[in-house]
Amino acid sequence: MTNLETARLILRPWCEDDAAELYKYAKDPAVGPIAGWPPHTSVEHSRGVIRDVLSADGTFAAVLKETGLPVGCAGLVRGMNSHFDIAEDEGEIGYWIGVPYWGRGLIPEAVRELLRYGFTELKLKAIWCGYFSGNEKSRRVQEKCGFVYHHTNRDVKNDFTGDIRTEHVSRITAEEWEKWIRERSGQS
């Protein structure tokens, strides 16, 4: 898997040596539950999550260039690896970041790079993203990155937490992304 780079981040595969840093942020109840997963309970728990979940192709540690340490996660999965029912030439982006880094624009920066990678290198036709009701920060990330509301799924059972939630789903097509890029660069 390739590394991706932004102005402030390196997106690279997770490794088991990241377990202590992952635990530092993933144990916070403000992080996981709103995103749909329970807080981590120990460094070993985090190590197991790295092995069993975060080692999946397309899942990246969001590493601050200035420290060389992961502070969150961003991923892009394709087709049948998505939890949405999407085509093989479509993808799904997911993300989270540790509380000390909220409000700094790091996740929108990571998501924009994943969009670039998905549309220009993987040649995807559309990329999807979702958030659960109440997760306004995630909704804002999607808006900042050009996603457009598509639909709402009600009464979704969350396999990680066992509860029932409402999920809001947005999408951006390759054409919408290209237009969004042109508008941001001042070209119409």
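Student: What makes Val71 a residue with contacts beyond its sequence neighbours?

Tutor: In this predicted model, Val71 touches Tyr25, Ala62, Leu64, Trp96, Ile97, Gly98 and Tyr101, once its neighbours within four places in sequence are set aside. Contact here requires heavy atoms within 4.5 Å.

Student: Why is Val71 called buried?

Tutor: The cut-off for a buried residue is under 20% relative accessible area. Val71 has 1% relative accessibility, and therefore counts as buried. Val71 is placed in strand E4, which covers residues 70–78.

Student: What does strand E4 give to the second largest pocket?

Tutor: Strand E4 contributes three residues to the lining of that pocket, the most of any element. The second largest pocket holds about 190 Å³ of space. Eleven residues line the second largest pocket, and Asp57, Gly58, Leu76, Val77 and Arg78 are the closest to its centre.

Student: Which classes of residue make up the lining of the second largest pocket?

Tutor: The lining has six nonpolar residues, three polar and two charged.

Student: Why does Lys179 count as partly exposed?

Tutor: Partly exposed residues fall between the buried limit of 20% and the exposed limit of 50%. Lys179 has 46% relative accessibility, so the label partly exposed applies. Lys179 sits in helix H6, residues 174–184. Gly146 is 33 residues away from Lys179 in sequence, with 9.6 Å between their C-alpha atoms.

Student: What makes the phi of Lys123 worth a remark?

Tutor: Lys123 is not a glycine, yet its phi is positive, at about 60 degrees. Most residues other than glycine have a negative phi. Lys123 belongs to the loop between helix H4 (106–121) and strand E6 (126–132).

Student: Is Lys123 buried or exposed, and why?

Tutor: The exposed class begins over 50%. At 57% relative accessibility, Lys123 therefore counts as exposed.

Student: What is the phi of Asp155, and where does this residue lie?

Tutor: Asp155, a residue other than glycine, has a positive phi near 55 degrees. Asp155 is part of strand E7, residues 148–157. With 63% relative accessibility set against the limit of over 50%, Asp155 counts as exposed.

Student: How do you know that the radius of gyration agrees with that of a compact globule, and why?

Tutor: For 188 residues, the rule for a compact globule predicts a radius of gyration near 16 Å; the protein has 16 Å, so the two agree. The C-alpha trace spans about 50 × 40 × 30 Å along its principal axes.

Student: Which elements does the protein contain, and what is their order?

Tutor: The protein has six helices and eight strands. Read from the N terminus, the order is β-β-α-α-α-β-β-β-α-β-α-β-β-α.

Student: What part of the contacts joins residues at least 24 apart?

Tutor: Of the contacts between residues at least 6 apart in sequence, 61% join residues at least 24 apart.

Note on methods: Residues are numbered from 1 along each chain as its sequence is written. This is a predicted model: local features need pLDDT of at least 70, side-chain atom pairs count only at pLDDT 80 or more; totals for chains, interfaces and linings use all residues. Side-chain values use heavy atoms; hydrogens and water are left out. On a 1 Å grid over the protein atoms alone, a cavity is a set of points where a 1.4 Å probe fits but cannot get out, and a pocket is an open set with protein on both sides within 12 Å along at least five of seven lines; lining residues have an atom within 4 Å of a point. Grid points are joined across faces, edges and corners, and a volume is the space filled by probe spheres set on the points. Helices (H or I, at least four residues) and strands (E, at least two) are DSSP runs, numbered from the N terminus. Ala, Val, Leu, Ile, Met, Phe, Trp, Tyr, Cys and Pro count as nonpolar, Asp, Glu, Lys and Arg as charged, and the others, Gly among them, as polar. The radius of gyration is taken over C-alpha atoms; the globule rule is 2.2 Å times the number of residues to the power 0.38. Buried means under 20% relative accessible area, exposed over 50%, partly exposed in between (1.4 Å probe, protein chains only).
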